[in-house]
Amino acid sequence: MAQHEVKYLSNGGAPIALTTVDKLVNFGRSNSLWPMTYGLACCAIEMMATGASRFDFDRFGTIFRASPRQSDVLVIAGTLTKKHAEFLRRLYDQMPDPKWVISMGSCANTGGMFNTYATVQGADRVIPVDIYLPGCAPRPETLQFALMMLQKKIRSQPCSLAQKAKRLI
Amino acid sequence: MRAYQPKDNVQKKSYYNDRFYVTPTLARKSVYDDSVFSNDYLSLTKKVTVNDVYLELDHLVLWINPEDNISAIKHAKEILAYDFLVELSAIDYVATKGGFEIFYEMLSTSKRKRLRIKTFIKEGTAIESVNPLFRMADWSEREMFDMFGIVANNHPYMKRILMPEDWHGHPLLKTYPLHGDEAARWYEVDKIFGREARETIGEEQRDSAAIDRYDTTRFSRLGHEVPFGTDIRDGKEPDTPVRYQEDGGIKIFGIPLVTPFDEIETKNLKERR
C-alpha cells in the first residue's frame, strides 16, 4: 500500500534519504547490466539458459540487447578463434563506456582444450576482461554468480573509475 | 637392469609403444569378384588409363593419372550412373612420396555402389577442378587449397574457405606445427594492435596448467584483491585477513552476545592436559 502521508516524526523527521553519488550511480549501473546478445560456441547455450525463464536473468535487471551500442556487458561465451578475434575487438570498441567483460568458460579464459593454431589462447589477449568464469561449459548458476560478482565489483568501486577506459595496451 | 634413459621432455615424447602392435591392413579383393564393379572397371578402361584397381570394404578403388580426373569422373557420372560426389580431399604424403594423394568418393544411388577414384600429384603441381561436373567440389576444393595448398585449376573462386584470407601457411600439412608457426601465433596481435604490440602482450601461454599466483593484472584472488598491477612479489603482498561481521562482537540491546576474539589475550598450551 503506497503511503502518501509524510511522517515527520519518524525516519529522522524528513522524507529524505541520504546517500553518495557513487552509491546512487553504482546502484543504477549494477542493477541494469545489459549484456550483448553474442554467443560463440556451446557456452552460449548455457548463457541462453541463464537468460531464459528458469534461471531468469531479468530479475537482476540483466536484459540481453541486440546491439553493442546499447550494451554494457560483453559475455564471451565460447571458443574465440583467431579469425574471429578482430570482430570481437570491433564489437567491444563499439560498446559505450562504462563497459565490462565476462570471459565465460575455459575456451575464452585460456583457449581451453583447443591448444591449437587456430584458437586465441585467452580472450584477454584481445580485450580486457573483468571476470573469468571457469567451467566447460559453466552452469547457469555459475554465470549468475559471475554476474553478481560483477555487480559487487561495480558497487565497490567509485563510479568515476568505470568511466576510465580500460586499455590492454 | 634397465638401461638409463634421460627423462628431459619425457612428457613430450610418446610414452607408450605397443611392441606387438601391427598396423591393420584391409583385405583387398579382386575387381572381378563383383559383377557390377567389373563392368564399371572395363567400361572406364576404354576411356582412361587405370594404374591399379581393387575392392576395399565393398568400394571400388581406381588409381588414375592426375590429368585424367575430369574425364574419369565425367564417365563415372554420365555413363556409369555414379550420381553423387560424396567427398573430395587430399592426403599429405610429402615426406614419404613427395606429393599428395587426392581421392574422389562417389556414390551411385541407382546401383547402390560406392566408387573411389584416387590419384597422386607431385608437390607444387595443380589439379583440374571438377566443379563443372559437381557443384559440391566448389567448397571441397577450396578447403583442399586452404588446408594443403593444392590449387584446383579453373575453379571459379579459388580462395581460402576456413582460415582467414591473410593467413600464412596451410594447416593440415604434416610439416605445419600444431601450435602454429610464428605468423599464426601472433596473428590476432598483429592484426588488431600491430606488430609493435607483440612485446607488450607477450607470448601465448600454451601450458594449460600454468598459474601465476603473483599476476595482479589479470587475476585477483577472491577475498584477497589488490589494486590493478600492484607488485605483490617478494612478500610485498598486503595482509588481507578474512573479516567477519562477528569480529567486533555481537550485541543485542546493549547486551554482549558474542565477545570479540582477542589474539593477544589468548594462551597457547605447551602440552596437552
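Me: How many salt bridges over all chains?
Reply: A search of the whole structure finds 20. Keep in mind that this is a predicted model.

Me: Which residue meets A:R125 in a salt bridge?
Reply: B:E188 does, with N to O at 3.0 Å. That pair crosses between chains. A:R125 sits in the loop between α4 (106–110) and β3 (131–133) of chain A. B:E188 belongs to helix α6 (residues 187–192) of chain B.

Me: And what does A:K82 pair with?
Reply: B:E188 again, as a salt bridge. The closest N and O atoms are 3.5 Å apart.

Me: Why would such side chains pair?
Reply: Opposite charges can pair when the charged atoms come close.

Me: How many salt bridges cross the interface of chain A and chain B?
Reply: The rule finds four there.

Me: Which helix gives the most to chain A's side of that contact?
Reply: Helix α3 (residues 85–94) of chain A, with three residues. By class, the side of chain A that touches chain B has nine nonpolar, six charged and four polar residues.

Me: How many residue pairs are in polar contact between the two chains?
Reply: The count is 12, with both residues at pLDDT 80 or more.

Me: How many residues does each chain put into the contact?
Reply: Chain A supplies 19 residues and chain B supplies 31.

Me: What area do they bury between them?
Reply: About 2,100 Å². Carbon and sulfur atoms account for 61% of it.

Me: Switching topic. What is the strand order of the open sheet in chain B?
Reply: Six strands, ordered β1-β2-β3-β6-β5-β4, with mixed pairing. The edge strands are β1 (28–29) and β4 (84–93) of chain B, each pairing on one side only.

Me: Do β1(B) and β2(B) run parallel or antiparallel?
Reply: Antiparallel. Two bridges join β1(B) to strand β2 (residues 50–56) of chain B.

Me: Which residue stands opposite B:R28?
Reply: B:E56, in β2(B).

Me: Last topic, confidence. What pLDDT does chain A average?
Reply: It averages 86, and 85% of the residues score at least 70.

Me: Which elements of chain A have the lowest and highest mean pLDDT?
Reply: Helix α6 (residues 159–163) of chain A is lowest, at 69. Strand β1 (residues 73–77) of chain A is highest, at 94.

Conventions
Residues numbered from 1 in each chain as written. Chains lettered and ligands numbered in written order. Heavy atoms only, no water. Contact = heavy atoms within 4.5 Å. Buried area = accessible area lost by both parts, 1.4 Å probe. Salt bridge = Lys/Arg side-chain N within 4 Å of Asp/Glu carboxyl O. Polar contact = N/O pair within 3.5 Å; in protein donor to acceptor, adjacent residues only side chain to side chain. Helix = DSSP H or I, 4+ residues; strand = E, 2+ residues; numbered from the N terminus. Nonpolar A, V, L, I, M, F, W, Y, C, P; charged D, E, K, R; others polar. pLDDT = per-residue confidence, 0-100. Pairing = 2+ DSSP bridges.
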